[in-house]
Amino acid sequence: MIEISKPGLHDTVQDLGRHGYQTFGVIAGGAMDPYAHRIANLLVGNEETEATLEMTLVGPRLLFKEDGLIAICGGDLTPTMEGLPVPMWRPVFIRKGSELRFGATKEGCRAYLAVAGGLDVPIVLGSRSTYVKAGLGGLDGRALIKGDVVQVMSASGLAEVMKKRLSSDASFRAADWQIAQKFLPTLSNHYEIRVMRGRQYALFDEASRHRFWNEPFTVSSQSDRMGYRINGPALHLEEAEEMISEAVTYGSIQVPADGNPIILAADRQTTGGYPKIGQLSSIDFTKLAQAKAGDQLLFKEVTIEESHRLFTKQEMNLKVLLAAIRNRFS
Amino acid sequence: MKFTLSPLGDQAIVIEVGKKIDISSERKVKAIVSRLEAGSPSWMIEYIPAYTTVTLIYALQEFSKEDSPYGAVCERIRELLKDVKEAKAVQQKIVNIPVVYGGEYGPDLDFVAQQNGLTVDEVIEIHTSGDYTVYMIGFAPGFPFIGGMSERIAAPRRKTPRLKIPARSVGIAGMQTGVYPIETPGGWQLIGRTPLELFLPTEDPPSLLAAGNKIKFYKITSEEYEGLRGGAD
């Protein structure tokens with residue numbers, strides 16, 4: 001059981017999304033940075049589909065009402081306990097009655113807190129993810145506020161072993177190892193993002209297509225879980241064309257008539273009527289999720305074949321990682 | 001049936017049946033949806049039908065052993081949609097939607113009337129006598145894209161969108177009419193409100209309407225509206 005003693009900027013419960021209802025206009029949602037979310041779960045012995053807490057730019061203060069095993073992954077929102085930094089990307093034992101404090105971001109934008117067992121909120125339409133606009137999922141369909149109490153489900157056998165090994169009289173105790181460097185994302189203020197050509201790529205004029213791949217775009221402050229507005233060279237169609245609405249997805253780069261692209265993210269609508277110049281490679285959702293207002297994005301073209309290769313390689317790495325974690329504790 | 005396949009990112013694929021919104025595209029989309037439902041292959045996560053396309057979201061993990069996962073997905077879809085035929089005209093479910101027009105429920109009704117040189121009653125008469133079809137559900141949970149509104153009551157979107165449109169508002173934008181299931185910002189001209197919930201989060205399916213449904217709007221009084229809401233507001 002965890003109590004929110006002070007909320008952050010936007011703390012929501014998220015899992016890997018709500019699937020099967022987009023045909024009824026219900027958005028998929030889920031963790032903005034599925035990579036960080038999945039690793040956080042693996043580190044506390046959870047299935048990767050369990051719900052975690054997604055925190056944005058400024059994190060909350062959390063009071064643990066019982067002993068717990070946690071892992072924090074993603075952006076560095078400067079977690080501390082009793083003034084001491086709490087290491088990320090590894091399991092950490094938390095003693096009952098301790099308060100975990102997050103601050104403002106040092107690097108990245110979103111952090112994920114996984115707790116052994118997973119956060120226990122009702123499953124709505126197959127998912128625990130919070131979709132604030134429709135008041136769906138999570139805790140009462142909204143971001144967390146002061147005084148909220150989030151329940152935690154029973155930890156797995158693996159997690160119990162970890163917990164016992166790290167158990168301590170101190171308020172917290174982190175494992176003396178973290179996941180290998182090669183699994184960690186590189187956080188900075190500029191990201192190279194791999195992008196495939198969008199469905200309407202060929203309709204853009206040549207100058208726009210050239211600038212899209214060669215000039216940087218800046219993430220605007222009008223960016224949230226639904227989409228990122230980015231500023232850079234204006235992009236235009238060869239000929240103005242009224243498009244027929246069709247499905248969009250996480251990573252669709254839409255360009256409205258004003259020429260400023262919008263990258264759709266986790267809480268995107270299900271369909272859209274603007275031309276799509278590009279589509280993010282799903283391996284780089286993690287970079288987008290960690291980019292914040294003012295950060296620069298440079299798009300690098302990849303083919304769908306290359307994108308699939310990168311994805312498959314990452315899935316294999318995650319399997320290796322899971323096996324390594326199990327080894328540490330068995 | 002002819003269709004083209006093209007990727008939407010690396011985990012979705014668009015099946016496109018035409019370039020125009022017409023009855024033939026509608027029937028082809030319907031036929032593809034029926035086939036996907038019936039086949040329900042394990043590698044399909046879900047699908048999103050629209051006017052001229054059905055987008056299928058696939059589980060990329062299931063194709064990780066293939067030399068070309070995209071090629072394999074295309075092959076499976078062609079196999080699944082082999083000899084699929086344009087759906088015949090079938091009797092569609094008709095959903096009756098009560099609407100209280102004007103006043104606080106539809107603050108832009110007067111504007112729509114003025115814009116078209118009609119009286120308010122004429123606008124209501126035309127809106128309730130239309131033969132409407134739901135083309136797709138999208139944009140927001142349960143939000144129907146409805147075709148079939150008379151040009152005589154068309155009206156441009158508001159220059160400045162409202163920050164909050166009350167849930168269940170009935171609006172007009174250009175040649176379209178629609179109902180906002182949940183409170184959202186929006187630029188449509190609001191002509192009324194229905195007491196019916198279009199988004200049903202605790203039910204399966206979670207939407208009152210589905211693509212292909214026919215819709216009839218009918219006029220009710222504000223007393224009837226309150227009665228039908230049953231104090232839910």
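Predicted model: local features only at pLDDT ≥ 70, side-chain atom pairs only at ≥ 80, totals over all residues.

Trainee: How is B:Phe143 placed relative to B:Phe145, and what kind of pair do their rings make?

Mentor: A pair of aromatic rings is described by the distance of the centres and the angle of the planes. For B:Phe143 and B:Phe145 the centres are 5.5 Å apart and the planes stand at 70°, so the pair is edge-to-face. B:Phe145, with a relative accessible area of 12%, is also buried. Both residues belong to a cluster linked by ring pairs, which also includes B:Tyr51, B:Tyr135, B:Tyr180 and B:Trp188.

Trainee: How many aromatic pairs are there over all chains?

Mentor: A search of the whole structure finds 16 of them. In one of these, the rings of B:Trp43 and B:Phe63 have their centres 5.9 Å apart and their planes at 75°, so this pair is edge-to-face. Because B:Trp43 lies in the loop between helix H1 (23-39) and strand E3 (44-49) of chain B, and B:Phe63 in the loop between strand E4 (53-58) and helix H2 (69-80) of that chain, the pair ties together parts that are 20 residues apart in sequence. B:Trp43 is buried at 6% relative accessible area, and B:Phe63 is buried at 0%.

Trainee: How should I read the salt bridges, and which residue pairs with A:Glu54?

Mentor: Side chains of opposite charge can pair when their charged atoms come close. A:Glu54 pairs with A:Arg110, their closest N and O atoms being 3.8 Å apart. That pair links distant parts of the chain, since A:Glu54 sits in strand E3 (residues 52-56) and A:Arg110 in strand E10 (residues 107-115) of chain A, 56 residues apart. A:Glu54 counts as buried at 0% relative accessibility, and A:Arg110 is buried at 4%.

Trainee: Which side chain of chain B meets A:Arg199 in a salt bridge?

Mentor: The partner is B:Glu16, at 3.7 Å from N to O. This pair crosses between chains, from the loop between strand E14 (190-197) and helix H3 (206-214) of chain A to strand E2 (residues 12-16) of chain B. B:Glu16 is buried, with a relative accessible area of 13%. A network of salt bridges links A:Arg199 and B:Glu16 with A:Glu246, A:Lys276 and B:Lys19.

Conventions. Residues numbered from 1 in each chain as written. Chains lettered and ligands numbered in written order. Heavy atoms only, no water. Phe/Tyr/Trp six-rings, centres within 6.5 Å; stacked < 30°, edge-to-face > 60°. Helix = DSSP H or I, 4+ residues; strand = E, 2+ residues; numbered from the N terminus. Buried < 20%, exposed > 50% of the residue type's maximum accessible area, 1.4 Å probe, protein only. Salt bridge = Lys/Arg side-chain N within 4 Å of Asp/Glu carboxyl O.
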